[in-house]
Amino acid sequence: MGTPAIFLDRDGTLIEDVGHVGDPAQVAFFPETFDALRRLGGQFLLFIVTNQSGIGRGYYTLEDMHRVNERLCAELAEHGVRFEKIYFAPEAPEEPSRGRKPSPQFLFDARDEFGLDLSQSYMIGDKLADLECGWNAGVRQSILVRTGYGAEVERTLTGKLRHVEVVDDLHSAAGRVLSGPET
Ligand SMILES: [Mg+2]
């Protein structure tokens with residue numbers, strides 16, 4: 001057996017999704033992010049898996065994205081939160097991509113590099129592609145947060161056969177993960 005992990009989308013899940021986040025000054029954490037990640041980080045390895053099509057579309061550069069991630073990680077570190085690795089897909093949506101969500105490839109990469117047990121791991125995000133990424137990788141549960149695009153996505157999921165876990169925000173997602181699945 002391996003180590004359990006939490007895979008988190010970035011924009012709309014940890015920070016405000018202001019369109020395409022290409023400037024560190026745009027990094028605006030949701031108020032619940034720090035505490036939720038601290039709690040999750042006590043029991044799980046944490047990873048970010050992010051689609052950054054703004055690079056492929058030419059809205060900002062790879063270097064801009066790294067500066068945003070550095071700012072993000074610095075602020076998280078001040079709150080005692082550490083991510084093992086940030087996986088990003090820089091391609092535009094129509095371009096071929098090895099790891100762009102809903103591809104599960106980055107979760108497989110993390111499994112192989114960090115010895116993870118995906119069946120005991122979780123994916124948390126605000127878009128359908130996040131949920132699908134987790135399902136495609138065989139995680140224990142994909143959780144939709146209503147922050148970012150989540151509330152909008154939830155409405156489109158009504159009537160879908162597959163059961164989707166939906167929570168208000170990352171605080172509730174952490175509660176759901178740490179209390180185990182409801183019976
Ligand atoms: Mg998102």
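This is a predicted model: local features need pLDDT of at least 70, side-chain atom pairs count only at pLDDT 80 or more; totals for chains, interfaces and linings use all residues.
Residues are numbered from 1 along each chain as its sequence is written, and side-chain values use heavy atoms, with hydrogens and water left out.

View 1. Count them up and you get seven helices and six strands (DSSP runs numbered from the N terminus: H or I of at least four residues for helices, E of at least two for strands). In sequence order, the pattern goes β-α-β-α-α-β-α-β-α-β-α-β-α. The radius of gyration is 15 Å, close to the 16 Å that the globule rule gives for 183 residues, so the chain is as compact as a globular protein of that length (taken over C-alpha atoms; the rule is 2.2 Å times the number of residues to the power 0.38). Along its principal axes, the C-alpha trace spans about 45 × 40 × 30 Å.

View 2. Three residues reach the ion: D9 (OD), D11 (O) and D126 (OD), lying 2.1 to 2.2 Å from it. Donors here are N, O and S atoms within 2.8 Å of the metal (3.2 Å for Na, K and Ca), and water is not among the atoms, so sites may look incomplete. Along the chain, the donors follow the spacing D-x1-D-x114-D. Both D9 and D11 are buried (under 20% relative accessible area; exposed is over 50%, partly exposed is in between, with a 1.4 Å probe and protein chains only).

**View 3. C73 in helix α3.** Look for C73 within helix α3, residues 62–78. With a relative accessible area of 30%, C73 is partly exposed. G58 sits 15 residues from C73 along the chain, and their C-alpha atoms are separated by 24 Å.

**View 4. A25 in a loop.** A25 belongs to the loop between β1 (5–8) and α1 (33–41). A25 counts as exposed, at 63% relative accessibility. In sequence, A25 and R71 are 46 residues apart, while in space they are 8.7 Å apart, C-alpha to C-alpha.
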